[in-house]
Amino acid sequence: MKKIDKLSQWLKGAVKGGDAPKASSPKPKAQHPKPQQQKKTGHQNQKRSHKKKPGSHSPKKKTAAPAQKKSQMHNNVLRIIPIGGLEEVGKNCMIIEYERDIVIIDMGFQFPEDEMFGVDYVIPDIQYLVQRRKRIRAILITHGHLDHVGALPYVMEDLGFPVIYGSKLSLGLCKKQLQERNLLKQSTLKEVNNKDTYTFGKIKVDFFRVNHSIPDSMGMAIRTPEGTMVHTGDFKFDFTPADGIEADIGKMSAIGKRGVNIMFSDSTNAMKPGHTMSERVVGENLRRAIERVEGRIIIACFASLIGRIQQILEFAHEHNRKVFVSGGSMVRNVKMAQELGFLKPPRGVLKDINEVNNFPDNQVLVITTGSQGEPMAALSRMATASHRQLKIRKGDTVVLSASPIIGNESAVAFLMDGLSRLGANIVHNRIMDVHTSGHGQQEDLKMMMALIKPDNLVPIHGNHFMRKAHAGLGPKVGILEKNVHMMDNGNVIELRKGKVTFKHEDVGVRYVVIDGLGQGDLGSVVQKEREAMAKNGVVNIVLKMKKGKMVGKPVVTTHGFVYKKELEKIEADIVKKAVDAVNKLHAKDSRARAHDYENVVRGAVSGLILKRLDRRPLVAPTVLHV
Ligand SMILES: [Zn+2]
Ligand SMILES: [Zn+2]
């Protein structure tokens, strides 16, 4: 995925119908697209049909173009536009606009939903930003998780390489992302701390530390002459965090005392009552698990859980075990966290995975990726006996220090089954608390509201139902019900003299997907074909032609279409239909091209199959000239 296709070209109509372009052409110099180009993109805004949001605040009439005009007319207003993370868990991104200055908070991606066949990631739709790219002053990063930084490599060029601001570890992870796409040289990254104030025009930003499942996570207070907003980032409250670094509770309270007009807060765990369990409790349970076991121990967790990995390294050391790291992202993260000082392994505890078989079982502890059952990850390879260094056998204990993310349950069950068959004993969250979330539950969310004391609340990060649960908590801690706002991606909130106005305006966000080398939007031909193939299979029809006449009979082959018996009933009719279509076209236009024949055959055969079998496979006719 080295080449990144330019969204700007796409906006200029270089890519028709949102199809993935084959290769990128030279980068045009950064320039404002002309007004008529903005208009052009306006009607391209398309949402997938099942994404229709009943009761949402987004009338589709208004587009990005008038929005800009308006903001230039009334400059003394703070505009806040979340363009990702409000209709999903993932692709978090928010635009802050004041006078001529724009700062962006986070630039994450989302792993695709089930029906997005073959799509690698979904990224925020940055067309609003591309049109205003000269005004972008900064991208502020809350923390290094991919749903907050993963889209950076795909947008940096189109945004003209704005400076990225973030904490040390967050920048370390951004760097890794940019490096992989050869974009590090052109990028500027600036480390922030929780003491200084950062100024972008009249926008002033103060960062505060929060607890989360990755160290060095930040929330931020953004002050402008029109009022103050707080963005929590992902957070929970943990008084005994694994990394020992406390959240800036005092600073949050001070920010609250100075007055906050509006807060945007993490909703990921808003459905769960109580407080999120401390990472220390997980640590103690892992320690107990390590103590009890005689044989080899394999612990799977997310590679970004640096604090938990630190605890595991210490427990291993206490119990005279060596730690072997397995899995690409785990190896890279452990190395980087060590270099940046976030991971301090006791001396001699880390060993190369290639040496794992040189140590007695009771001295082996392996930390691995793959807790979500990802088929290519190290733990899956162990479960299918295809891991190069490690063969699972009786006496091994595998600890899944993670909960399956919604949608991954069956992959995790498959994984556990494989490990179990090979003889491993499996410890997971339903047996023992060996995992805790990085996101605050209801009491954590209330505590944040109590500290920040915002006049207005906008729940962010999560699907509508999660954010709704969060919204319900506001009035319980004194936020007026009318001041709790449910926004959708692309909606606009304005802050003027401390007063919040919900604009009935939508900047229009499309589904922008990253798919191998290409970038396109959902609803494209490629996506539709994949969907048809996945749901109803493929019907190939090969027609041999010579000088406009058919030679022999068309040959029909199918994949994943219907059972043989059913096919036999319809095959002759498919052939007949194809022949008829070809003859009809030939009579009408003796100079018709291969492409035209393919089209009529596709139409005729698709119609027949729909009528007879009520199915819509991908019908793919091919004309061969002989
Ligand atoms: Zn996170
Ligand atoms: Zn997140």
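Which residue in β6 is the bridge partner of Leu140? Tyr165 is the one, and we'll come back to that strand pair below.

## What you're looking at

This is a predicted model, where local features need pLDDT of at least 70, side-chain atom pairs count only at pLDDT 80 or more, and totals for chains, interfaces and linings use all residues. Residues are numbered from 1 along each chain as its sequence is written, chains are lettered from A and ligands numbered from 1 in the order in which they are written, and side-chain values use heavy atoms, with hydrogens and water left out.

The protein has 18 helices and 26 strands. Here helices (H or I, at least four residues) and strands (E, at least two) are DSSP runs, numbered from the N terminus. Of its 626 residues, 56% count as buried; that word means under 20% relative accessible area, while exposed means over 50% and partly exposed is in between (1.4 Å probe, protein chains only). Now take the contacts with a separation of 6 or more: 73% of them come from residues 24 or more positions apart. A contact means heavy atoms within 4.5 Å.

Nonpolar side chains tend to be buried together in soluble globular proteins. In this model the largest nonpolar core has 35 residues, and those with the most contacts inside it are Ile104, Met107, Leu129, Leu152 and Leu159. (A nonpolar core is a set of buried Ala, Val, Leu, Ile, Met, Phe, Trp, Tyr and Cys residues joined through side-chain atoms within 4.5 Å.) Apart from it lies another core, of 34 residues, with Leu286, Phe315, Met336 and Leu343 among them.

Take a look at Ile104. Leaving out residues up to four places away in sequence, Ile104 touches Cys93, Met94, Leu129, Ile136, Ala138, Ile139, Leu140 and Leu159.

## Strand β5 and its partners

Strand β5 covers residues 136-140, and four of its five residues are buried. β5 pairs in the parallel sense with strand β3 (residues 101-105) over four bridges, and Val103 has Ala138 as its bridge partner in β5. Two strands pair if DSSP finds at least two bridges between them. β5 also pairs in the parallel sense with strand β6 (residues 164-166), over two bridges; that's where Leu140 and Tyr165 are partners.

Strand β7 (residues 189-191) holds Leu189. The C-alpha atoms of Leu189 and Ala138 are 9.8 Å apart, though the two residues are 51 residues apart along the chain. Among the residues that Leu189 touches, not counting those up to four places away in sequence, are Ile164, Leu171 and Leu184.

Now for strand β14 (residues 322-326): four of its five residues are buried, so β14 is largely enclosed by the rest of the structure. β14 runs parallel to strand β16 (residues 364-368), joined by five bridges, and Ser326 stands opposite Thr368 in β16.

β14 also pairs in the parallel sense with strand β15 (residues 350-351) over two bridges, where Phe324 has Lys351 as its bridge partner. Together, β14, helix α11 (residues 328-339) and β15 make a right-handed β-α-β unit. Right-handed means that, with the strands pointing away from the viewer, the path from the first strand over the helix to the second runs clockwise.

The zinc ion (ligand 1) is coordinated by His143 (NE2), His145 (ND1), His212 (NE2) and Asp234 (OD), at 2.1 to 2.3 Å. Donors are N, O and S atoms within 2.8 Å of the metal (3.2 Å for Na, K and Ca); water is not among the atoms, so sites may look incomplete. The angles among the four donor atoms of this zinc ion (ligand 1) run from 91 to 167 degrees, and the site is irregular. Four donors count as tetrahedral if all angles lie between 85 and 135 degrees; four count as square planar and six as octahedral if opposite donors are over 155 degrees apart and all others between 65 and 115; anything else is irregular.

His148 sits in helix α5 and Asp234 in the loop between β11 and α8, 86 residues apart, and the pair links distant parts of the chain. Both His148 and Asp234 are buried.
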